Amino acid sequence: MGCCQSSENHPEKHPKNTNSNQPLHHHQQTPSTDVVGGVGGGGVGGGVPAFAEFSFADLKSATNNFNSEFIVSESGEKAPNLVYKGRLKNQQWIAVKKFTKLAWPDPKQFAEEAWGVGKLRHQRLANLIGYCCDGDERLLVAEFMPNDTLAKHLFHWENQTIEWAMRLRVALNVAEALDYCSTEGRPLYHDLNAYRVLFDENGDPRLSCFGLMKNSRDGKSYSTNLAYTPPEYLRNGKVTPESVIYSFGTILLDLLSGKHIPPSHALDMIRGNNNILLMDSHLEGKFSTEEATAVVNLASQCLQYEPRERPNTKDLVSTLAPLNTNPDVASYVMLGVSQQEEAPPTPQRPLSPMGEACSRMDLTAIHQILVMAHYRDDEGTNELSFQEWTQQMRDMLDARKRGDYAFKDKDFKTAIDCYSQFIDVGTMVSPTVYARRSLCYLMNDQADAALRDAMQAQCVHPDWPTAFYMQSVALAKLDMQKDAVDMLNEAAGLEEKRQKGGRS
């Protein structure tokens, strides 16, 4: 079951699995400085959406009206800032952090903070993809991480504890995330702890972006027990880059011991050369003593009382990188979770030529089938009176005809323009035009727009297999493989029903 970073230091609550296909629109206001690609070779690819502003209605729809079953942070309704999981129109799962109304009274300040974090893009982060600032509402939107938190896997595991090599990978990935943020001018991370470390669909550990912003404009930066708080924060209430290093030291203790033990207690054991007592007994001795000693020493340096005596983020990475000697073993294997499907599994039903083309994502074959089908499936979707046959109607049909010529000649950009003219008039509604424009968008690498059109085709003609087939291709292009297969099977089922009993 999926989970995202908890806003409080408590085990996450597991929501029921929900699959909402409600259309959802968000309004992108991306400045030219926003970068979606990777940074310095360690960034993410084009799979992370550009940072955007969402309306409150968007996020209300995605979370089923902020249904309590969608809450993935603990403490229920009593938590000051709840985190929900939600699903966008393009089928992407998201994590939505909802602040109390008075947390950020100045909308401009909240938006500026969110934009600052939203510019960050890295494969070691659960990236921030948007925010909402409607009226009194303040929300952050991030990538959703489906494989729970480090706290869950370390402190509340059921079948297996995290093996030693995976613990080293967690430490390195978090160090790399902090180093990237520091390099990009965002060195402060609020309340760094095991609940902030999340595992993505491939089991890779990532750092939640939510900790890069405080819970409120004037709020505390630490919600943890005082025993785990950096000593200088207790003195002056300010978070510094060195405070973040101290908190990273507490995560190293978690990884070593499998327990959340107070730093002072751990340091007493380290000073007494009782490192073996610090180690997690559930590892059953399956770890390298040399590696464990190196991590213990690093933790001890991070937990120094004087901030200036602690290492920096680059020191963390340079110490931990040589200890990660199993780079070829997949994280999901070490974590003991199933990996997200790389390719669609075999459909449950035999497929028609259209189904076969869609399962192969063969856009050329889909194009040929749509050309041959012409408009035979549009029967009955429009009833036109004589009065409606106006000059505007003739112009609209002419636009469709020009779109058809362009579509047949594979001039997909022209076809998009012509079909858009036809659709925008709105007098006639054609599922075939939506399906054709959907393919045109796919040919131009615009999978989001393609999915929108395929869904519109379904709205016009709810039992039309082609609408479902086109959705399956668009979902596959968006790396939503499981949903793509489900849609493919649904389309095949509709075709089967058609063959048995005619058009539904």
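## Around Arg-167

Leave aside the neighbours within four places in sequence, and Arg-167 is in contact with Leu-154, Thr-161, Ile-162, Leu-255, Leu-256, Gly-258, Asp-280 and Leu-283. Keep in mind that this is a predicted model.

Arg-167 sits in helix H4, which covers residues 164-183. Is Arg-167 buried or exposed? Its relative accessibility is 1%, so Arg-167 counts as buried, the cut-off being under 20%.

## The nonpolar cores

The largest nonpolar core has 134 residues, and Leu-150, Phe-248 and Ile-366 have the most contacts inside it. Helix H4 turns up again here, giving the most to this core with 13 residues.

Zoom in on Ile-366: not counting residues up to four places away in sequence, Ile-366 touches Met-354, Ala-357, Cys-358, Leu-439, Met-470 and Val-473. There's also a second, separate core of 18 residues, with Leu-59, Ile-71, Leu-82 and Cys-132 among them.

## Strand S5 and its partners

Now for strand S5, residues 128-132: 5 of its 5 residues are buried, so S5 is largely enclosed by the rest of the structure. Strand S1 (residues 52-53) runs parallel to S5, joined to it by 2 bridges. In one of these pairings, Glu-53 has Tyr-131 of S5 as its bridge partner.

Strand S6 (residues 139-143) pairs with S5 too, in the antiparallel sense and over 4 bridges. Here Gly-130 stands opposite Val-141 of S6. S5 and S6 make a hairpin with 6 residues between them, and Gly-135 in the turn has a positive phi of about 55°.

How values were computed: Residues numbered from 1 in each chain as written. Predicted model: local features only at pLDDT ≥ 70, side-chain atom pairs only at ≥ 80, totals over all residues. Heavy atoms only, no water. Buried < 20%, exposed > 50% of the residue type's maximum accessible area, 1.4 Å probe, protein only. Contact = heavy atoms within 4.5 Å. Core = buried A, V, L, I, M, F, W, Y, C linked by side-chain atoms within 4.5 Å. Pairing = 2+ DSSP bridges.
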